[in-house]
Amino acid sequence: MTALDRIREAAQTYVERGWKVFALSTKKSPLANCDPCRAEHRTPVQMEACECLTCHGFYAATDDVDRVEAMFSGHPGRLLAIRTGAASGLAVVDVDPPEGLGTMRQLMAEGLLPETCAQRTGSGGWHLLYRHPGGYLMSGAGKIGPKVDSKADGGYIVAAPSTHPRTGEPYTWRWDWPTAPIDDLHPTLAARLRPPAPRPRLDTGGRFTEVSSARLRGLAAAVLNAEEGNGNNTLYWASCKAGEMVRAGEISEAVAYDVLFTAAAQLGIPERDAGRDPRHGTIGSGLRRGQR
Ligand SMILES: [Zn+2]
Ligand SMILES: [Zn+2]
């Protein structure tokens, strides 16, 4: 069997599992883009739609085995790689030896790494393959634990029959490949890989085009980002601070009230609590206290 035959055979089994595959350089890095691609294809949408065989790294991954064979034709030393993330339905726990092995044992003891389809890497680590739960899961070094990386959306793994360029050791599947079942990614790990929620920003609804005081904007942001159940307390604190600014002549009471009332409404604090006008409710009492 030639090297190309072995790559084609492996690619076939991967594609049958719903995984998309592509070629990396002999050094395990993405192949260079052609000149037009370098100049014109910059966004994920453009790279995903690109017809080139090997441009744009994992965006070139495909489930067309003939296309995969063409990527390796004349370059049998290239490494076969699997795109991870929702595109292949995979979230991979990537264990880097030697430190990562300790982290892996720890995670196993915590019940976070159920037995699943696994690959021994050419550097002596592990790729544990789990089912992608949907949505977006971040990839990155140390995202799961010390020396345990995430290979999920925007990521890829090298796969058998590749050999590691530094060690010369092969990547090999464990257990009853190619039918080894894939377990679900543990929800605790999935939660670790969700992107942080964007901090909400004050939506003024066009009533005032901008809040000129950075400090007042900061107070509004504090209200918007109040912990659940702590909204009214935070609103009172912010109103006191704004009251001090009014007393110092930095802002007018009307603007302070307007900004804080808008932030409170956006957070979902009921109008009757925030106060419909500056004479009543949380904002009014905070503003008055701050001005004393
Ligand atoms: Zn190209
Ligand atoms: Zn392109």
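His56 sits in the loop between helix H3 (44-49) and helix H4 (65-72). Helices (H or I, at least four residues) and strands (E, at least two) are DSSP runs, numbered from the N terminus. His56 is not a glycine, yet its phi is positive, about 70°. Most residues other than glycine have a negative phi, and most peptide bonds are trans. His56 is buried, because 23 other C-beta atoms lie within 10 Å. A residue is buried if 20 or more other C-beta atoms lie within 10 Å of its own, exposed if 12 or fewer, and partly exposed in between; the C-beta atoms are placed from the backbone.

A word on the source. This is a predicted model, in which local features need pLDDT of at least 70, side-chain atom pairs count only at pLDDT 80 or more, and totals for chains, interfaces and linings use all residues. Residues are numbered from 1 along each chain as its sequence is written, while chains are lettered from A and ligands numbered from 1 in the order in which they are written.

Lys147 also has a positive phi without being a glycine; the value is near 60°. Its loop runs between strand S6 (140-145) and strand S7 (148-151). Lys147 has 19 C-beta neighbours inside 10 Å, so it counts as partly exposed.

Now the cis peptide bonds. One runs from Pro97 to Pro98, with omega near -5°. Pro98 belongs to the loop between strand S3 (90-95) and helix H5 (99-109). Another joins Ala160 and Pro161, with omega about 10°. Pro161 is in the loop between strand S8 (156-158) and strand S9 (172-173).

Step back to the whole chain. It holds eleven helices and ten strands. Its radius of gyration is 27 Å, well over the 19 Å that the globule rule gives for 292 residues, so the chain is more spread out than a compact globule. The radius is taken over C-alpha atoms, and the rule is 2.2 Å times the number of residues to the power 0.38. Along the principal axes, the C-alpha trace spans about 85 × 50 × 30 Å. Of the 292 residues, 36% count as buried.

The chain is divided into domain 1 (3-192) and domain 2 (214-291). These bounds come from an automatic or database domain assignment. The C-alpha centres of the two domains lie 50 Å apart. Glu9 lies in helix H1 (residues 3-16). Glu9 counts as exposed, because it has 12 C-beta neighbours inside 10 Å. Its C-alpha atom is separated by 74 Å from that of Ser285, 276 residues along the chain.

Next come helices H7 (residues 214-224) and H8, whose axes come within 9 Å and cross at roughly 170°. Axes are lines fitted to C-alpha atoms, for helices over the stretch in contact, and angles run from 0 to 180 degrees between N-to-C directions. H7 is therefore roughly antiparallel to H8 (angles over 145 degrees count as such). H7 contributes Arg215, Leu216, Leu219, Ala222 and Val223 to the contact, and H8 contributes Thr234, Leu235, Ala238, Lys241, Ala242 and Met245. Residues are in contact if their C-beta atoms, placed from the backbone, lie within 7 Å. By class, this contact has eight nonpolar, one polar and two charged residues. Here Ala, Val, Leu, Ile, Met, Phe, Trp, Tyr, Cys and Pro count as nonpolar, Asp, Glu, Lys and Arg as charged, and the others, Gly among them, as polar.

Finish with helix H11 (residues 281-291). Its buried residues include Gly281, Ile283 and Leu287. Their cover includes helix H8 (231-247), helix H9 (253-267) and helix H10 (271-274).

Conventions: Contact = placed C-beta atoms within 7 Å. Parallel < 35°, antiparallel > 145°, perpendicular 65-115°, else oblique.
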